[in-house]
Amino acid sequence: MFSPFDLPEDIFLLITDELPSPADFALCQCLVSHIKEKQNSSPRVVLSVSESLTRWQSILAKSNVNLSQQIAAKTFHFIDITSMALVQTDTDKVHGNPFHALYEQISSILEEGKRDLSPGALVVLDDISSLEWIGFSTSDLLRLCRALRALCLKNQATLIIRHHIVTPGELDPLFRHLHSLCTYHLDIQPLNSGRSGDVSGQIALHSGPNAFPQSAVKTRQRSAALQYRLTDGTAIFFERGSSRGVL
Amino acid sequence: MSLLLSYLDSPRPNQNFVLLQSSVSQSSLPLLRHFIAHNESVEKHLFCFLHPSSSLVKNTQSNVQIHEYLDHIPGYKDSWLDPCLEVSKIIENVPSSHPIEVILDSVDTLLTDNGSISDTYKFLRSLMTLITARSKQSKLILHLTTPNKLLPLLLSTAFSPTLIQCIAHPPVLFTHLATEYMTPPPPLTPDAKFWGIFIPISERGRDTEALVFGQEGEGSGGQEEMVVEVLVRGGSDASGRRKAVERFLESWDIENSLPLDLSKMKSLASIWRRKIVAEEAAPDPTQNVSFNLHLTPSQQESRARVPLPYAHEGLPPAQPAPGAILYDPDSADDIDDDDPDEDLDI
C-alpha cells in the first residue's frame, strides 16, 4: 500500500502534516492504491470531518477511480463524522460516549465485509485534530482512536488517521497518545528553506512503538526523507537533489 | 556481559519489581519484547491494555499466557468494568508453587480508564503483594510512558524496596551532551560529572523531545539502537552483600534484541572515535640532500670568531633616557637655538 513506501496491511498508520504541506495527497494515494490493489469487495470507510464527498469523488476521478460505482456496490462508505457526532443519540447518552453510534456503524460495515469473505478493509479518519478543535474532549478522542484500532485489529483492517501539527516541534497530548498507538508514522513536512516550485515538501517514515523490528518496511528519517511534488492528479516522489531543475 | 541481563538472570533474592519507562522520544517496548521472550522456563502472564500482543510476542510461546483488553474501553464496551479485579483474580488462581512473571503493558491506560491515581496504585500494590508472597523469583514487570503521575509512587520504597528501573533514551541525547556540554558518556567522562549533567537534562523530557522532534531532529528516536539508563535498588554483589542504589548505562540493539557495548553503537561512533594526534617531529631539511651542510669542529670555531655586522654586537643596547629624542644634525640642517616666537607681541 502507498508506493513508494510499500506499507503492509493491518497496521495503524498515523499521518501528520503541517499547514504548508497538507497530506491530502497521501490519503488519496492510500485509498487509490487500496482500491486498485484489492480488486475484491473489501469495504473502505472514510470518516470525514471537513471535506465533502464531492471533493473526494473529484480527486479520485483523476486517478480513474469511480467512487459512485464503489458506493453503489457498497465497497465505499463515506461518513460525515461532524453531523453524526453532534447529534447525540440515546445510545450515546447511555454510554456517555458521543461516538458510540459512529463506532457501531463502522463495526457493522467491517463485520459485513468479513462475513462476505473480503478481508483487508481500510478505515480512514480525516482528521482527528479538527474534532478536537470543534470541541470534543481529548479523552473522548483518544478512546475513539483506541476503539477504532481495536476494531480494525479484530477485523484485520488497516487504520489511517490524519493529525495536523499546529506548532512544529511542539508535541500536543493527542499526538503523544496517537504516537504510542501507531505502527508507522508518516511525517509530512514543508521544506526548511520555504516554498519551491519544484518541491512541495518532504516525507519521512518512522516505525512506531508497535512495529516489530526487522520488518521489510524501509523507514526514512527526516535527514533521508523523500521529497515530493504535487501535480494535477498525483504526487511524484524523488530523492533529495534529484528533481528536475533542482541542483 | 550485560549488567542488566545479569541482574535479571541471576536469582538475586527479592528482586521482584522491574519498571520499564518509555517516552514519546524513545520507546522501551523492545526491552519488554526481550523480557517476554527471555527465559522460557518461567510461566508469564501478559496483560495487554494498549499494545496488541502481536506487537509484543513474535512467535507463539507456550509459557506466555496472553490476556487482551484492547477493546475494553469505557464507553465502547457494554457494562464496562475495571479490569483490575479480573487481573487480580487471574493471578490469585495461579498455583503458588512455581515462579511467575506478571507483565502489564501499559499502566497509563489503566490510570486513564479508571481515572483514579489512588485506585490504580492500590491495585498495583496488591499485585506486588501477591508477587512477593510467591516464589522469590516471581516478578512484576510494568511498562509506562512518561509523563505519568504514578511514577513517583511506583519508585518509592513503600511500593517495593527492590527495583530495577530501565529508562529508554534516544542516542541523539548523548551526541548532544558530548558536543554541547563536552560530556560524553562514561568512561570518557568521570561518573560523578556525567550523572550531574545528564540526570537533570534527561528528566526534563522537553529537551530530549526538542532534539528528536525539533527542526534539527530526525522525527523519531533510535530505530536501530537505543541507550537504556538502568537503576538498580536493593541489588547485591556476588558475595551476597547488599549494594546501594546502582545506576549505569547500557545500549540496546533493537533489531537483534541484544545488549550492545556503548562504544560499539553506530549512532554514537562520532563520540568514541579517538582523534590520534601524532606528535611528529618537524622534518629536518638537512636530511637527504646531495651536499654537505654540516660543519667540522674547526669550521665551527672559525665561524664563531667572525665579527657580526650588528651595531650592538650581541650586547644589550644601552638604555636611553626615557622620553629622550637623540638627534645628530648633519650639514644641511639649520639648527637655531633661539626661540622662534621671541618677536611675537600677543
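Modeller: Two strands count as paired if DSSP finds at least two bridges between them. The model discussed here is predicted.

Colleague: Which residue stands opposite A:Arg229 in strand 9 of chain A?

Modeller: Strand 8 of chain A covers residues 226-230 and is joined to strand 9 by four bridges. The two strands run antiparallel. Within strand 9 of chain A, the residue opposite A:Arg229 is A:Ile236.

Colleague: Which strands of chain A stand at the edges of the sheet?

Modeller: The sheet is open, with nine strands in the order 3-2-4-5-1-6-7-8-9 and mixed pairing. Each edge strand has a single partner strand, so one side of each is left without a neighbour in the sheet. In chain A these are strand 3 (76-80) and strand 9 (235-238).

Colleague: How many residues of strand 5 of chain A are buried?

Modeller: Buried means under 20% relative accessible area. On one side of strand 5 of chain A, A:Thr158, A:Ile160, A:Arg162 and A:His164 are buried, and on the other A:Leu159, A:Ile161 and A:His163 are too. The strand is largely enclosed by the rest of the structure, because the buried count is seven of the seven.

Colleague: What is the bridge partner of A:Leu13 in strand 5 of chain A?

Modeller: Strand 1 of chain A runs parallel to strand 5 and is joined to strand 5 by six bridges. Strand 4 of chain A also runs parallel to strand 5, with four bridges, and A:Val124 stands opposite A:Ile160. For A:Leu13, the bridge partner in strand 5 of chain A is A:Ile160.

Methods: Residues numbered from 1 in each chain as written. Chains lettered and ligands numbered in written order. Predicted model: local features only at pLDDT ≥ 70, side-chain atom pairs only at ≥ 80, totals over all residues. Heavy atoms only, no water. Buried < 20%, exposed > 50% of the residue type's maximum accessible area, 1.4 Å probe, protein only.
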